[in-house]
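Here is a short briefing to read alongside the model. Have the sequence and the 3D view open as you go.

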Amino acid sequence: MKKQYFLLLSILLFPLTLLSQPTLDYYLPADVTYNSDIPTPAEVVGHEVGEWHITHDKLVQYMYAVAESSDRVTIHEYARTYENRPLLLLAITTPENHANIDQIKEHHHRLTDPDQSGDLDPETMPVIVNLGYSVHGNEASGSNASMLSAYYYTAAQGPEIDELLENAVILIDPSLNPDGLNRFASWVNMHKSKTTVTDPASREFNEVWPNGRTNHYWFDLNRDWMPVVHPESRGRIQMYHEWRPNVLTDHHEMGTNATYFFQPGVPSRTHPLTPQINQDLTAAIGEYHADILDEEQRLYYTKERFDDFYYGKGSTYPDVFGTIGILFEQASARGHAQESIHGVVEFPFAVKNQFLTSLSTVNASLDLRADLHDYRRSFYRDVMEEASNLNTRAIVVGDAHDRGKNYHLADLLSFHNIEMYELATDLQADGQDFKEGRALVIPTNQTEYKFIESLFEERTEFTDSLFYDVSTWTMHSAFNMDFAELSSNQFSSDLMGNRITAPDMPEGSVIGGQSEYAYVFEWDEYYAPRTLYRLQDLGLKTKVATHFFEVMTDEGPKEFTYGAILVPVGIQDLSSGEIYDAIRASAQTDGVDIYNVERGLALSGVDLGSPSMISLDKPSVAILAGRGISNLEVGEIWHQLDQRYEIPLTIIDKQRVNSVDLSRYNTLIMTNGWYGDLSGQAESSIKDWVRDGGTLILQRSAIEWARSEELIDVKNKEAEEIEQPENLPYADMQNLRGAQVVGGSIFNGVLDITHPLGYGYRSESINIFRNSTRFLEKSENPFATPLYVHEDNPLASGYISDENLDEIGNTASIIVSSNGSGRIISFVDNPNFRAFWYGNNKLFANALFFGDTIHSASTN
Ligand SMILES: [Zn+2]
């Protein structure tokens, strides 16, 4: 009792004293007058900042109200989310600078060109600071603070602010993840009590699955700055390259018991392509954060835990473009006010910290603006000097059989300001064949060479063995493409065809026009699965070739290989005219060439009526979801099927499996997650469904669930005994343990391209991405492990400890098992990682479309 009393007392007396009602004065610098023509947040949204969590619609309303009230502000909607919410960028500066804004931007661009940057005077150029808030929607103090930043820089009066705005353009991106922010705001607001509840057990602080961190498809947008898969990032990267800010902030939250973090992060974990001066300037700006937080008696830390390695993160991406990216992490209230080891973390307290470091960032940028401009200029001087002296003159990368994938790579690169060309002639290089028009030529002597290097390098040496995220992202591995570096001897400008700036998805065509007999298309194209599903959904009967065949086409004899899709005309319910319309529309939209074949007798190989042409069922797919399951992996599959293949996916909460009739589906997916809470009845209904002929796709830890249920019999590789020293320093424990983590590396795989799961691939070598230490033995059945890790040369790029490297060779990546008449396909690795591992997506599509065709004698 006594103890409780003291705990209560200490909470009440803690200097962050509970504010029953936060006011604007609580946040704003006191010695400033404010223009009363500028609406305060409360005047527009109906409550004080921090009193409720701002919903995104109200946030937008406020930003437009501020913009309309002042000639200091312009506002631009740069994208819409999947849920149709606007993403906004406000630019705040003097009206004179606004009148001159094109020139200001132009000067910033000129700093990246050594031929033109010499005569610019950094002392006279305004600094551009981009304040970015709450890319993780349930780290909401940032977005709520954005209203304070917008108000302050618009309404503050006096010579100090006038001078600041003359010399700075402040960009405010109030919510980097509107869909997530709104999901979270609804959750915490609907649980807010009149009488403050600070108990961490309260439902308010424990969101339902999936939480507000992610976007509509449950992706982490703070990994998407490089892959630019989602509309939020695509719009944002365009804004970034339009403005080229000198400093860019990224305001997050961390655990409730933490304090406050600002970069620089762990020095040994900065990406080696980021120059040291970037970190020095980050530290110089950090002095300003320290000053402003010291004044308010806030605890904080730097140089620990968080790093600056993966260029897909908001605070790291800018570092490879001569900008200073800065990560902030605030202890989260995860609601309105929550108890912590430091007392009650109130939401207004969290909001204020984010506002304070917004102010310190802008102040530091103003003081350091000449240094920041100089840094940008010298960064690009160094880059261009290095690039012009390289032995490699160009990179050539592409897939001769897959225009869809080529398009996606070009699309990705185009967002990052990369100069590239279509390959103008056929080319052989490094033992690989590149086809005219089906590869990209990327000259290395160009402005963004550093970013290109980061995309295509294979790195296996590291100064540190810990990573906050992935340790590698080599593009030609992710896209599974041929790749060569051309030296001056191999390179000629004749190789460069049309310059590609804004690529369009290529159209396919129907070769030979309307058929009265059959259509055939290869499975190589990225969007071939979308075509197949589209045709199946119209009720068309389709078949897959399990052997090669050569037939006469309008272009002469053509050989088709494993996985080619056959659509006979005579056995369908639709007329040949209706079939042709569907075929033609699919070819155009999906970039797939479809061949009219008028004769069933093959020139060689199997005939079109052969039993080796296996009839296909249209996939009807469900996936289990809910607490304990990786929302990222469920989201990746949902995005892949919905956005790319246009296949409906039923997402079933695992608690509801009992009340669902599984016979409606022929494919069920279980991703990484915990399934220990499935009821006995649910487990039996899944097992019965498999035995009755269902295809169960397991990803990562779902494999362990199926093994414990005796649905499959796969074995972990027995680890070799590692000799451990008897005593180790306690202080090294976390580093030593962390060094055994595979945080995300790329491995060389060996794929059986004659196996249904290998259809659509032309080579047995394929790169796979792994972020686990799950090492499974290959099956004893020699046909049942269609993909495994290369035995002698497993590592392609990224970090892995020597101990784990010894283990991983020759272990399974995919195992096919059977149980009753069902098939169970176990993916040890994630084939849909972050929606940019385009090169492994086909493996997953193969499991959907061909899983049930796999012969039982070939299974584990
Ligand atoms: Zn975060």
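How much space lies in the largest cavity? About 90 Å³ lies there, in a predicted model where local features need pLDDT of at least 70, side-chain atom pairs count only at pLDDT 80 or more, and totals for chains, interfaces and linings use all residues. Residues are numbered from 1 along each chain as its sequence is written, and side-chain values use heavy atoms, with hydrogens and water left out.

**Cavities**

- Searching the whole structure gives six cavities of 30 Å³ or more; a cavity is a set of points on a 1 Å grid over the protein atoms alone where a 1.4 Å probe fits but cannot get out, and lining residues have an atom within 4 Å of a point.
- Volume here is the space filled by probe spheres set on the points, with grid points joined across faces, edges and corners.
- The lining of the largest cavity includes Y78, N130, D173, W225, R236 and L248.
- Helix 11 (231-243) contributes the largest share of that lining, three residues, while strand 4 (127-133) and strand 7 (247-254) each supply at least two; helices (H or I, at least four residues) and strands (E, at least two) are DSSP runs, numbered from the N terminus.
- Seven residues of this lining are nonpolar, three polar and two charged, where Ala, Val, Leu, Ile, Met, Phe, Trp, Tyr, Cys and Pro count as nonpolar, Asp, Glu, Lys and Arg as charged, and the others, Gly among them, as polar.
- The second largest cavity holds about 70 Å³, and its lining has five charged, three nonpolar and two polar residues.
- Helix 25 (residues 838-850) gives the most to the lining of the second largest cavity, with three residues.

**Zinc site**

- H136 (ND1), E139 (OE), E139 (OE) and H252 (ND1) are the protein donors of the zinc ion, at 2.0 to 2.7 Å; donors are N, O and S atoms within 2.8 Å of the metal, and since water is not among the atoms, sites may look incomplete.
- E139, in the loop between strand 4 and helix 8 (141-155), and H252, in strand 7, are 113 residues apart.
- Both E139 and H252 are buried (under 20% relative accessible area, 1.4 Å probe, protein chains only).

**A strand pair**

- Strand 32 (residues 745-751) and strand 33 pair in the antiparallel sense over six bridges; pairing needs at least two DSSP bridges.
- F747 has I768 of strand 33 as its bridge partner.
- Five of the six residues of strand 33 (residues 765-770) are buried.

Methods: Buried means under 20% relative accessible area, exposed over 50%, partly exposed in between (1.4 Å probe, protein chains only). On a 1 Å grid over the protein atoms alone, a cavity is a set of points where a 1.4 Å probe fits but cannot get out, and a pocket is an open set with protein on both sides within 12 Å along at least five of seven lines; lining residues have an atom within 4 Å of a point. Donors are N, O and S atoms within 2.8 Å of the metal (3.2 Å for Na, K and Ca); water is not among the atoms, so sites may look incomplete.
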